[in-house]
Amino acid sequence: MIVIDNARVLRATGIESASVVIEGDSVLSIGPPGDRNGAQVIDAGGAWLGPGLVDLHVHFRDPGQTWKEDIGSGARSAAAGGFTAVVTMPNTIPPIDSGPTAIAAMERADSQKEVHIMVAGALTMGRGGMVMADLDAMYEAGIRIFTDDGDTVSDAGLLRRIMRYLADLPGTVVADHAEDASLSSGGHLHDGSMAALHGVSGSPGVAEDVIVARDLVLARDTGARLHVQHVSTASAVDLIREAKATGVRVTAEVTPHHLALDDDSLDRLDPNFKMYPPLRSPLDRKAVAEALRHGVIDAVATDHAPHSEAEKAVPFEEAPRGVIGLETAAALTCTALGGDQAVFFDRMSTAPARIAGLARHGQSIEPGSPANLVLFDPLRTWSPEVFASKSRNSPFVGRELVGKVMVTLHEGRITYEGGVT
Amino acid sequence: MSGLLTLRGMEADQITAILDAAQRFADSWRITAPGSRFAGRTVTTAFFEPSTRTRLSFERASQALGATVMSFTPESSSTAKGESFKDTILTLTAMGSDLLVVRHMWADSAALAERWSGLPVINAGAGKSEHPTQTLIDALTLRQHFGALEGLRVGIVGDVANSRVARGHLAAFPVLGMELTLVGPGTMLPSANPWQVRTATSLDDELGDLDVVYLLRIQRERESVDGSPSVSSYHRRFGMNAERLSMLKPTAVVLHPGPINRGVEIDDVVADSERSLILAQVANGVPVRMAVLESALGRPN
């Protein structure tokens with residue numbers, strides 16, 4: 001039995017200061033401090049208790065690139081960030097694009113108990129964008145989120161057939177990395193001041209907007225459920241808002257780094273600030289943060305993309321794209337949302353759990369609800385230096401952040417305890 | 001002991017001090033025997049991109065200062081990869097270089113070479129980011145011709161977005177009191193303007209106001225040019241020809257960092273006219289690099 005005293009608890013009826021008793025894999029009771037014979041007691045000190053965080057977008061590099069991350073280190077990184085469920089992208093080596101690769105990936109995912117790992121499958125064979133992947137076999141294996149993340153399917157005719165096909169399979173989502181390669185070609189930064197000043201090729205926001213517009217048209221046409229990954233531009237936000245208003249089945253995510261940083265945040269060419277989509281203009285940043293607050297963007301997703309120090313210690317234009325994000329996401333999102341507990345847990349847990357169809361995640365804390373929980377202190381300041389991830393390619397190393405995960409519980413078991421004194 | 005990675009952030013008096021030193025060398029270097037002040041020092045030129053003129057002038061400048069020259073040029077493009085770039089820099093450092101002169105296709109290559117080697121590094125052209133000694137050469141050439149730089153109106157014409165030469169000018173020329181206008185089709189102008197300089201898409205409208213027409217080299221493959229329908233259409237809109245020469249103020253001059261594409265950005269009649277300072281630019285290559293090398297090599301023997 002675990003008792004968490006003195007927490008601000010997210011209930012269906014609102015926020016309540018209470019003690020929460022956890023027995024086995026469920027919440028037993030919520031109320032005033034009571035009997036606790038033999039229980040492990042945690043004093044929350046007024047911190048937030050809510051459903052464990054859910055990340056729709058992580059790269060655990062397993063199999064194929066396990067020097068960057070593996071299932072074990074990725075899961076520990078997720079737990080340290082307050083997450084109880086994550087969706088792994090299919091761009092492993094080999095990619096997840098068939099029944100056997102999906103089953104193998106799901107078995108590997110279930111080999112650890114730190115976090116629930118939901119495996120996403122590819123839209124096309126080998127993520128090559130040429131031929132439909134074995135969607136049926138993956139669906140039978142239990143795959144529900146399909147994406148060629150890292151690339152869009154540039155052939156609109158093929159994507160339309162895939163979306164039409166998946167529209168018939170209940171519970172499926174097409175998640176798209178919206179980047180027109182002909183428009184972003186060779187771009188290492190946002191096509192703005194920083195790129196101009198340093199003479200580095202820029203990728204314009206329209207590379208994203210064009211694909212978001214196309215995808216929304218195809219989602220309306222096919223009836224498929226569309227999820228737009230890592231939205232970064234004000235125009236994409238406008239397109240999504242408009243599509244939602246007219247009934248298109250679309251959801252969207254934004255990364256914590258696009259909430260916290262923009263093109264002006266770079267003062268030199270630092271490969272730990274290189275990712276796709278790139279950090280956009282201050283106006284874009286403001287637009288995506290506002291869209292998250294208002295729910296036009298439904299969820300925060302980290303796009304946790306580990307790369308080794310050696311891989312990043314090369315010229316900026318040669319460095320691989322991507323930054324890690326699991327362990328800094330809660331602090332950055334809390335700050336971007338102005339410290340609103342209910343909105344924080346919706347965007348980081350309830351909404352992404354709903355998008356992924358994860359029934360045991362994202363629920364308010366009630367007697368009997370699953371003990372997938374996080375205790376988060378929104379006021380504690382800290383500086384990320386050491387990561388549970390194998391990689392430390394974060395733009396936030398050494399920066400002071402506000403808001404710290406104290407305890408994570410997955411199915412009633414403490415998977416992270418880092419902030420309790 | 002410091003090299004020269006970028007002109008960004010430099011003050012006018014710092015740049016002027018380099019120009020003054022370069023002017024002293026310009027007046028004397030060809031009539032003075034190589035000094036022994038830097039005897040025993042090794043300057044290594046590491047050019048990962050083809051260049052003859054810049055490399056030769058750095059090497060000539062090093063010899064004129066009495067330093068030993070070591071010259072590295074890759075045998076294949078595989079050395080352009082980041083990892084072997086680092087290995088090469090470490091190797092050249094271990095071989096006893098005292099200073100590196102680096103040209104490479106990446107924007108931050110000179111800065112990385114400095115970090116990896118711990119040696120002073122002179123940026124001899126880094127990707128599209130900057131080519132600071134070319135900028136100093138051009139500033140010196142203009143100062144020699146006009147006597148002062150303050151108030152000169154300079155039009156930089158061509159593919160500014162992809163030009164490392166233009167980025168150096170954008171960093172230094174305004175600091176020296178010159179007024180810049182970037183001229184080219186919209187496809188060749190930078191998509192953002194952090195320098196807050198004027199831009200124009202018609203060369204003809206600008207010519208009458210300029211003291212200096214600075215033509216950039218157009219990168220072309222056969223008949224195609226990025227950002228323009230064709231070489232001939234670029235020449236029609238932006239090529240410096242006899243008619244455009246006649247539209248200039250009588251005191252205006254034409255510069256080009258070379259090598260020139262005759263018949264593309266510049267016609268023979270302009271290149272060979274008395275309004276062209278192109279050969280004066282070339283002549284200033286060695287003294288400017290002597291000044292930069294002298295400052296980077298630190299205390300003489």
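Reply: A residue counts as buried if 20 or more other C-beta atoms lie within 10 Å of its own, with C-beta atoms placed from the backbone. By that cut-off, Arg164(B), Val165(B), Ala166(B), Arg167(B), Gly168(B), His169(B), Leu170(B), Ala171(B) and Ala172(B) are buried. They belong to helix 6 of chain B, which spans residues 164–172 and is mostly covered, with 9 of its 9 residues buried.

Several elements of chain B supply the packing around these buried residues: helix 1 (12–28), helix 5 (132–146), strand 4 (121–126), strand 5 (153–157) and strand 6 (179–183).

This is a predicted model. For chain B the mean pLDDT is 93, and 96% of the residues reach 70 or more. The model as a whole has an ipTM of 0.90 and a pTM of 0.94.

Now the wider setting. In soluble globular proteins, nonpolar side chains tend to be buried together. The largest nonpolar core here has 231 residues, among which Leu49(A) and Ile240(A) touch the most other members. Helix 12 (residues 285–297) of chain B gives this core its largest share, 8 residues. Leaving aside residues up to four places away in sequence, Ile240(A) touches Val212(A), Val228(A), Val231(A), Val250(A), Ala252(A) and Val296(A).

Between the chains, 16 residues of chain A are in contact with 18 residues of chain B. On the chain A side, the largest share, 4 residues, comes from helix 6 (residues 193–198) of chain A. That side is made up of 8 nonpolar, 5 polar and 3 charged residues.

Conventions: Residues are numbered from 1 along each chain as its sequence is written. Chains are lettered from A and ligands numbered from 1 in the order in which they are written. This is a predicted model: local features need pLDDT of at least 70, side-chain atom pairs count only at pLDDT 80 or more; totals for chains, interfaces and linings use all residues. Two residues are in contact if their C-beta atoms, placed from the backbone, lie within 7 Å. Helices (H or I, at least four residues) and strands (E, at least two) are DSSP runs, numbered from the N terminus. Ala, Val, Leu, Ile, Met, Phe, Trp, Tyr, Cys and Pro count as nonpolar, Asp, Glu, Lys and Arg as charged, and the others, Gly among them, as polar. pLDDT is the predictor's confidence in each residue, from 0 to 100. A nonpolar core is a set of buried Ala, Val, Leu, Ile, Met, Phe, Trp, Tyr and Cys residues joined through C-beta atoms within 7 Å. A residue is buried if 20 or more other C-beta atoms lie within 10 Å of its own, exposed if 12 or fewer, and partly exposed in between; C-beta atoms are placed from the backbone.
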